[in-house]
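Student: Hi! Could we look at this structure together, one piece at a time?

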Amino acid sequence: MIPHRVPRVLRLAPARLTAGLDHCRRLDLPAHRALHGEPARRELDTLIALAEEVDLRGRGGAAFPFARKLRAVAPGERVVLVNAVEGEPASAKDSMLLVRTPHLVLDGALLAAEALRAREVVIATVEGEVAHASMIAALEERRAATVSGAAERYGGRMRVVGLPERFISGEGGAVVRGVNGLDAVPAGRRRRATEEGVGGLPTLLSNAETFAQLAVLAELGAIGYAEVGTPREPGTVLLTVGGEAVVEVMTGVPLATVLEECGLDPGEGVLVGGYHGAWLSAEAAAGAVVSREGMRLAGGVLGAGIVVPLPTTTCPLGEVARVTAYLAAQSSGQCGPCRLGLPEVARTLCALTEGSGSADDVRRAVRSVERRGACFHPDGTARFVLSALDAFALDVERHEERVSCGRPIRGALPLPEAEDEPRYQLDVDWTRCQGHGLCAHLLPEFVDLDDHGYPSFREVPGWMGRDARRAVEMCPALALRLVSGQ
């Protein structure tokens, strides 16, 4: 798990989502009401029109029009689900909102719940984190206010559900499954929450920042909301920069300005959109603009608002291979592209990093997973990898020609801390081994054959455990065994 940290909050915009946080660590209900007031109730048609007027989009990565989601969930026996399961290691914006200004998120969720006459509001968070405790405290504050006679209007049920911290736990289908008491992994087939979500009911599912943006939109009105930002994408957006700072930015601000405000530079290149996002070369990042359109023109994606510059002191391919191995291990393993394809992508990247593979090998492995998965995890990983081959083309050439670029892998890209991550060692019974060489075919990065076809082994990382067990099971002579390296 990534240890909890409260990131720095910076601004390159008028304070909206971050209002009050320069002098207050956490806005409780009285402080929130003093700053933002009580949101007026909106009928569903009014709320839809308001969201359409500024083209409010989801801030969880897919940028789906919020008004279309509202329209798809007709009033009645419905559920509003706030997705605050921030499984992306490089993101901290949603946890910042839940920890420091939780009532802004709740105001947006309750506006939608009232308009839809929803049965309940569910806030899904990462279990055991400070954000989870903060939302529970926020609901208690509202219940206490109701008991004391304050005007907390919503009469439906509100609850917080904690889900495990995994990369795929934040995918929409995984969140619905987790809230329903199932494993928090994407469904084997793609379902729309607006048709069948929490408890089998039509569910309005959106990201925590999206609901906070809805609350700000209701407070300012469409004209006030559009006073900053670009005409096509008005308003502000939250960015997590370098995994350390959350910055509220007006759309249209140059990415270089954001990096400079955080004391950073493009370095070797900049990852935008997170580990399902895309890499920009340093040159492309220097001319990129913070908006969906601006990032698209630069060759990236705004996604969930993640920006990670890569220092020039680390090996770019090594960093990409390290994260790809993590993504392969984080899959739910429900389909071939995840169970077999992603480990193969990770293997080919490791081989390229070590000087024994090629970029063509990586591209072939990526093609085997693209547009074939039961969820979006393989496609997102493919985009991450392919964009890296383009952004770091010179580094790829160095690894193909010189075995290595000469730089160490410093772990610059944030990943969860390994909690006793298992490592494995292959062992062989020499009285049985007949030199078939199948183990080297199945695990080429970790098994070497001598001139007679007999193997020697390197330690196998935990994320390759499934493949190592497969090699053991398929040994024709039953000569292999797998032992823990720790």
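Tutor: Two strands pair if DSSP finds at least two bridges between them; strands (E, at least two residues) and helices (H or I, at least four) are DSSP runs, numbered from the N terminus. This is a predicted model, where local features need pLDDT of at least 70, side-chain atom pairs count only at pLDDT 80 or more, and totals for chains, interfaces and linings use all residues. Residues are numbered from 1 along each chain as its sequence is written, and side-chain values use heavy atoms, leaving out hydrogens and water.

Student: How many bridges join strand β11 to β14?

Tutor: Strand β11 covers residues 423-428 and runs antiparallel to β14. Tyr 424 stands opposite Val 460 in β14. The number of bridges joining β11 to β14 is two.

Student: Which strands stand at the edges of the sheet?

Tutor: The sheet is open, with three antiparallel strands in the order β14-β11-β15. Each edge strand has a single partner, so one side of it is left without a neighbour in the sheet. The edge strands are β14 (460-461) and β15 (480-484).

Student: At what angle do the axes of helix α12 and helix α13 cross?

Tutor: Axes are lines fitted to C-alpha atoms, for helices over the stretch in contact (heavy atoms within 4.5 Å), and angles run from 0 to 180 degrees between N-to-C directions. The axes of α12 (residues 316-329) and α13 (residues 336-354) come within 9 Å. Their crossing angle is roughly 160°.

Student: Which residues in α13 does α12 meet?

Tutor: On the α12 side, the residues include Leu 317 and Val 320. Their partners in α13 are Leu 342, Pro 343, Val 345, Ala 346, Leu 349, Cys 350, Leu 352 and Thr 353.
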